[in-house]
Amino acid sequence: MTAVDLSTTYLGLPLENPFMAGASPLADHLDTVRRLEDAGCAAIVLHSLFEEQITQAESGRIHQMDPLDPRFAAVVCYFPQPEQYALSPDAYLEHLRQVKNAVKIPVIGSLNGTTPAAWLKFARLIEQAGADAIELNVYEVVTDPNQSAPAVENSLRQVVQDLKHELKIPIAVKLSPFFTAFANVARELDRAGADGLVLFNRFLQPDIDVRHLAVWPRLELSDSAELLLRLRWLAILHGRLRGSLAVTGGVANPTDGIKAILAGAHAVQMVSAILRHGPSYFTLMRDELRRWMASLEFARVDDIRGRLSLATTDAPGAFERANYIRTLSGWSSWLGYQSYLRSHTHDE
């Protein structure tokens with residue numbers, strides 16, 4: 001059997017294997033953090049700290065709106081009350097320090113902001129608290145029809161440039177896929193100094209309660225069906241950027257993790273699968289990757305990363321278009337292939 005080395009590098013940080021905990025409540029308790037490390041989790045991203053939470057704690061306002069002003073009450077009431085957040089801004093920084101002292105693996109802070117001032121101010125505090133890196137959680141649905149796509153993209157690129165001038169720790173940018181030309185956005189952020197991109201932020205969509213005529217938040221754990229979009233963009237971007245690529249969302253089992261690495265991921269962030277199965281699932285992910293690599297005589301993760309990406313394709317656009325047409329034109333072949341797989345479940 002081939003000796004297998006699962007070590008990899010993400011944001012310039014050495015990891016023992018590619019599997020890490022994504023931003024979530026998983027790291028809210030020190031005993032869980034220790035269990036994650038013991039099970040083989042290679043790095044931990046803390047849950048996101050929100051700009052609205054910070055400004056409310058500092059000034060009592062949210063987006064410059066006073067909750068006590070009747071003009072804004074109907075809007076501000078949609079935001080959580082301060083006591084509903086897991087940690088206050090100050091407690092978040094103290095918790096980060098405690099997590100760093102509790103484990104030896106990299107600990108990454110997460111900040112979800114909308115204005116440059118908030119990004120800069122609190123990113124510095126996260127660095128000072130001891131974070132090994134910071135993940136910028138970019139989640140904003142632009143509802144103003146007067147705000148153009150170039151304006152949104154330029155603002156994001158400027159934030160990355162400003163933070164790179166202020167911080168010494170690496171910066172990852174967690175993005176949604178909803179940009180007109182995502183490959184160009186990725187390249188511009190890479191040029192601005194981003195040390196890595198995280199694909200993708202889940203697009204959380206509220207539901208409508210028809211009985212009470214109300215809009216209500218809805219959150220479900222992700223599954224493998226969400227992985228395909230992420231695989232596509234990992235495969236497109238692999239080899240074209242200086243920084244690291246991480247996948248988040250849709251990695252529900254070891255096969256999903258292997259697919260992500262084959263497409264080009266340096267790191268695989270997991271949340272839903274760990275919430276379902278517990279921290280020990282990291283052990284399964286790591287061991288199954290090692291077993292699969294050994295069975296095909298791969299010695300290092302670098303040997304498989306990006307093997308199924310578009311890096312060696314002369315015309316990626318034509319390749320994507322051809323696959324789209326082939327998919328729509330080949331239903332009978334696809335159904336036959338699925339039938340074959342079901343009847344040969346025990347074949348190698």
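Tutor: Let's start with Ala-129, which is placed in the loop between helix H5 (116-128) and strand E6. Helices (H or I, at least four residues) and strands (E, at least two) are DSSP runs, numbered from the N terminus. This is a predicted model, in which local features need pLDDT of at least 70 and side-chain atom pairs count only at pLDDT 80 or more, while totals for chains, interfaces and linings use all residues. Residues are numbered from 1 along each chain as its sequence is written, and side-chain values use heavy atoms, with hydrogens and water left out.

Is Ala-129 buried or exposed? With 7% relative accessibility, Ala-129 counts as buried. Buried means under 20% relative accessible area, exposed over 50%, and partly exposed in between (1.4 Å probe, protein chains only). Ala-129 touches Leu-93, Leu-96 and Arg-97, leaving aside residues up to four places away in sequence; contact means heavy atoms within 4.5 Å. Gln-98 is 31 residues from Ala-129 along the chain, and their C-alpha atoms are separated by 9.5 Å.

Now follow the chain past E6. Val-141 is in the loop between strand E6 (133-137) and helix H6 (149-166). Val-141 is partly exposed, at 49% relative accessible area.

Next come the aromatic rings. Rings of Phe, Tyr and Trp (its six-membered ring) pair if their centres lie within 6.5 Å; planes under 30 degrees apart count as stacked, over 60 as edge-to-face and the rest as tilted. By this rule there are 4 aromatic pairs. Phe-179 and Phe-182 have ring centres 6.2 Å apart and planes at 45 degrees, so this pair is tilted. Both of these residues, Phe-179 and Phe-182, are buried. Phe-182 also pairs with Phe-200: the centres are 5.1 Å apart and the planes at 75 degrees, so the pair is edge-to-face. Because Phe-182 lies in helix H7 (residues 182-192) and Phe-200 in the loop between strand E8 (196-199) and strand E9 (207-209), this pair ties together parts 18 residues apart in sequence. Phe-182 has a relative accessible area of 2%, and Phe-200 is buried at 1%. Ring pairs link Phe-179, Phe-182, Phe-200 and Trp-233 into a cluster.

Finally, turn to strand E4 (residues 44-50), where 6 of the 7 residues are buried. E4 pairs with strand E5 (residues 107-112) in the parallel sense over 5 bridges; two strands pair if DSSP finds at least two bridges between them. Phe-50 stands opposite Asn-112 in E5.
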